[in-house]
Every structure is written in structure tokens, then in C-alpha cells.
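Visitor: Please take a close look at the contact between the two chains. Start at the contact itself, then follow the parts that lead away from it.

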Protein chains: 2
Amino acid sequence: VALKALGEGEFEGTTHADYANMVGPYGGITAAVLLNAACLHPQQLGDPLAITVNYAGPVADGPFRVVARPVRTNRSTQHWFIEQWQGDAVCTTATALFGKRRETWTATEALRPAVPPADDVEPRRSPIPLAWMQRYELRPVVGGVPDPQHATPQTDSITTLWIRDHPARPLDALSLVALSDNFYPRVYRRLGHAVPAGTISMTTYLHADAAALATQGERPVLAFAWGQQFGGGYFDQSAQIWAEQGGLLASSHQLVYFKD
Amino acid sequence: VALKALGEGEFEGTTHADYANMVGPYGGITAAVLLNAACLHPQQLGDPLAITVNYAGPVADGPFRVVARPVRTNRSTQHWFIEQWQGDAVCTTATALFGKRRETWTATEALRPAVPPADDVEPRRSPIPLAWMQRYELRPVVGGVPDPQHATPQTDSITTLWIRDHPARPLDALSLVALSDNFYPRVYRRLGHAVPAGTISMTTYLHADAAALATQGERPVLAFAWGQQFGGGYFDQSAQIWAEQGGLLASSHQLVYFKD
């Protein structure tokens, strides 16, 4: 996610082979890169609260520019528009929201999936030979990556797993956004086989404050995803990223195209 | 949502007293206005599939400008960035995604709430005297607007209701986006009383194709919302808009600020 400042809100970066996907970089790392441009901007205020990333076109391996513009700064919130460019084409757009967190009434209403502790689940690397998947340590509980030889259609698209960066490192807002895109396309699980599919828009809401991130440290987070509606060449996925102990660190949603 | 074209991707509109909220217009109508700017743009292609609207600052009653820019057009998808301006300030930003729908495998995995038929639920107008709420006919099933005199804290923030425009009119993409913001803030229900609260970012995924909208017509849709995580001055809400008969027309998510 490293970026070099070129000028007012303009940055230069390059894709990294370790986060390569089938074509171009992993969408999660692109989301983190765009958020990082706002974080590095001298006018940035507050914590990242929300980001919507639109995967407008392919990102080629190599250099890119990111332009981050604070569209509006209020007393306690700040709104951003961010674009990733290669040559004359916009590859990715994002809007991001930063803001101050205040002490308020707190509650977790989402239901945490019932799972064994992370340490009781065998860690494994992804069976899919994509570079970015090797950058995560996975402990699948339910709905692991379908084995192309033996998978069958399923009546749900739920995946639950413990996950952390590999090598392990302390969780921060960028890695939280990156890993909110870690789930393989839900349609694979429903159909029982892989099909062409890709995220076109992803929104992540960051609930974790600095204390929650510090408590989490480099321990695995609990990740949970399911699809809601499939059809017309698209489906939507919702996801939750839970702290090892306790609350919801992030909720994330995406629209995915697929062919069958 | 009426807009007058001023020039290349630039439009002029004005707030309407019928959709007034506590301060400025109802967020749902603002979302529909921004989507409409892309719909009216001569370069627009395909169906609206997703929109993220960021409520960056207050919209004053009166005229506004909307600037809609097709950031990237691909073979089957088109990405937009849209801004609403008043004077020198950006009030609202949005990204929108349009695309072609194709015949594919279809499934609804989300669970439809079990409710009585719309015709068996008494229609009523909102007990809250806000102009925009009078523009909807509500048939609350669970979690109706809390009565300020008698409400008590609840252990969940679920609301389920049948809803349609008042006066009734056929559903389209704009009205679907508008009504995905109809839910009163989830935190009211949890706390048992109203507090200052407002949506800061909303994302709606539109699943309904032209046939699904035509089948729905002007009949009530089933609307369902719940909160996931509350704290630090923010909470997130997820919502589903179901066809009277059958499938999911839209799923919607938002981040809301609140004070307690």
C-alpha cells in the first residue's frame, strides 16, 4: 500500500506481486491503497469510518497514480473522493468517510457465529494458487474454498473462517479493509464450481476504534460472509469481521458480477 | 426528482416541500435525485445496479446543481461520480454503477420475513409529523415508529413493514432507492427514545429488473431493517426491500451518526 506523494493529493504507487490476483491485483489491496491515499493526505482528519470502492476497470501490473480529494470537511466528519489512474483511464474510484469517534451507548446486535476458538482450528494456506491468498493464514470453519474435484452445489453460501495476515502483523484500518474482500465468490459455493466472477463495488464500515485494533493485535479475526440475492449476472454479498474476543470490527457489503 | 439540464452532465433542481425532513430534504429523495442525474445523462447505459450516496453536508431548502460524470464505460458496466452542489459547497456525493443484466442462474438466499399479507395490515400514515413521511403509506408489522410517550428500550432494532408511495404509483429504480432510506434511526428503537441521528453514507444494490418492477407495480413492498453494531457515535443498518410476491428487489446498507 506504499504511496509516494507527487503533489497536492496526488500519489504514485505500484502493484506488488505478492498481492496478485488472477488478473491484476487483489481487490482488497486496491481498496487499502485508495484508503491509504486519504490517510496520507495532509488534510486528513479523524478515523476512517466507511469506504466504498468501485472496481471500474482492470488494474494492470505496474505503476499507478492515486488522486485523493477532501470533498467536504465538517466539524466531526470528512468526505473524500479518490481515483486510481493508469495512463488516461480511471481503474478504480472510491468515496471515503472519516470522522471522530465519541463515547456513546454501545451494543453489538449482529449475532456472532458460534465457532471453535482460533487456536483449535488448524491453520492452512489457501488451496487456490493465487499470490494474494498466500498472504493470508486461513482457518476455515464452514464453507472453505471449494475443492474443484469434489465440490457440490450448496443450499447456502455461508463461509466462516479465522483469518490473519501472513506473516502475522497487528491489525489496522488498512488491513481490515483489505481482508473484508478475502472471501471467494459466494456463487462458487452455491453452484459447486468456479465461474468467472469479480467484485464491482465494495462498501466497508469500520467499527473498530484504536483500542479495539490494539486489543486484536496480530491475532486471527473471525470472518463471516453470505450472499443474499443472485441473478441477472450479479449477486450481493454481506460480510462481518469480528474481533477474536468480542465485538464487530467491520461490516462489509459488495456487488459481484458473475457468468454461469 | 425533476432536473433541468444545464450543460454537459450538469443539472439544476430544487428541493420540494413534500419531501422535507427535519432539516432540509429527506435523504432518500436526495439519493433518487443524484441517481436521476445519471439516468438523464445522454451517455447513460444499462440499468442502475448500485449507488452509494454520501451525505456530506446539509442541503438547504431551495435550488441545487447536480454534476454527473461517467468515469468509465465498459462493455457491460458503467461507473459514475455524481456531486450535488449549493453555492460553493458540495452537499452530497455519490458513486453509481449501471450495467446490463443477463439471464443467469437465480436464487434468493436471504430469508424473507414471515409477515401477514399487505392487505391484512391496516395502512396508516406516519405518527411523526415530517412532510416526507406523509409521502409514504405504512403498514407496520414489527417495530413501528416508537411512540414518544410510551416507547421503551428494545433488545433488537428490527423493523418490518409494508410500504408504498402515497399517492400510490408504480415502483421504479428511483423510488426503490428513495424508499431504501425510509427507516427511522435504529438507535431510537434500542434506546426507546429519539436522539439526534442522521445517515452519513448509504449504499443500495438494486436487484429488480424491469420485469420485477412491472410485476410489483404500485403494490406495497415489504421493507425490513436492522442494526448491526452501535458505538463511538455511529451505527450501521442493513435493509431489504422485498417484492410483494417473491424476490428481493433491493438490499441497502447505511452508516448513521447518533448522539445519546
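**The contact between chain A and chain B**

Guide: Chain B brings 66 residues to the contact and chain A brings 66 residues. Contact here means heavy atoms within 4.5 Å. The model is predicted, so local features need pLDDT of at least 70 and side-chain atom pairs pLDDT 80 or more, while totals for chains, interfaces and linings use all residues. Residues are numbered from 1 along each chain as its sequence is written, chains are lettered from A and ligands numbered from 1 in the order in which they are written, and side-chain values use heavy atoms, with hydrogens and water left out.

Now the area. The size of an interface is often given as the accessible area lost when the parts come together. Between chain B and chain A the buried area is about 5400 Å². That term is the accessible area (1.4 Å probe) that two parts lose on being put together, summed over both. Carbon and sulfur atoms give 53% of the area. On the side of chain B, the residues that lose the most area to chain A are Trp105(B), Glu109(B) and Gln228(B). Together they account for 15% of what that side buries.

Four salt bridges are found across the interface of chain B and chain A. The rule asks for a side-chain nitrogen of Lys or Arg within 4 Å of a carboxyl oxygen of Asp or Glu. Arg190(B) and Glu109(A) meet in a salt bridge, at 2.9 Å from N to O. There are 47 residue pairs in polar contact between chain B and chain A, with both residues at pLDDT 80 or more. A polar contact is a pair of N or O atoms within 3.5 Å; within protein, one must be able to donate a hydrogen and the other to accept it, and residues adjacent in sequence count only if both atoms are side-chain atoms.

Which strand gives the most to the side of chain B that touches chain A? Strand β6 (residues 89-99) of chain B does, with seven residues. Strands (E, at least two residues) and helices (H or I, at least four) are DSSP runs, numbered from the N terminus. By type, the side of chain B that touches chain A divides into 25 nonpolar, 28 polar and 13 charged residues. Nonpolar covers Ala, Val, Leu, Ile, Met, Phe, Trp, Tyr, Cys and Pro; charged covers Asp, Glu, Lys and Arg; the others, Gly among them, are polar.

Strands also pair between the chains. Strand β7 (residues 107-108) of chain A and strand β11 (residues 221-231) of chain B run antiparallel, joined by two bridges. Two strands pair if DSSP finds at least two bridges between them. Opposite Thr108(A) stands Gln229(B), in β11(B).

Stay with Gln229(B). Its relative accessibility is 10%, so Gln229(B) counts as buried. Buried means under 20% relative accessible area, exposed over 50%, partly exposed in between (1.4 Å probe, protein chains only). The side chains of Gln229(B) and Thr108(A) make a polar contact of 2.7 Å. Leaving out residues up to four places away in sequence, Gln229(B) touches Thr106(A), Ala107(A), Thr108(A), His207(A) and Leu248(A), along with Tyr234(B), Phe235(B) and Asp236(B).

Turn to chain A. There, strand β11 (residues 221-231) is joined to strand β12 (residues 234-242) by eight bridges, and the two run antiparallel. Ala225(A) has Ala239(A) as its bridge partner in β12(A). β11(A) and β12(A) form a hairpin with two residues between them. Most residues other than glycine have a negative phi, and most peptide bonds are trans. In this turn, Gly232(A) has a positive phi of about 65 degrees.

On its other pairing, β12(A) meets strand β13 (residues 248-258) of chain A over nine bridges, in the antiparallel sense. Gln240(A) stands opposite Ser251(A) in β13(A). This hairpin has five residues between its strands, and Gly246(A) in the turn has a positive phi of about 105 degrees.

Why is β12(A) largely enclosed by the rest of the structure? Because nine of its nine residues are buried. In a regular strand the side chains alternate between the two faces of the sheet. Here Tyr234(A), Asp236(A), Ser238(A), Gln240(A) and Trp242(A) point one way, and Phe235(A), Gln237(A), Ala239(A) and Ile241(A) the other.
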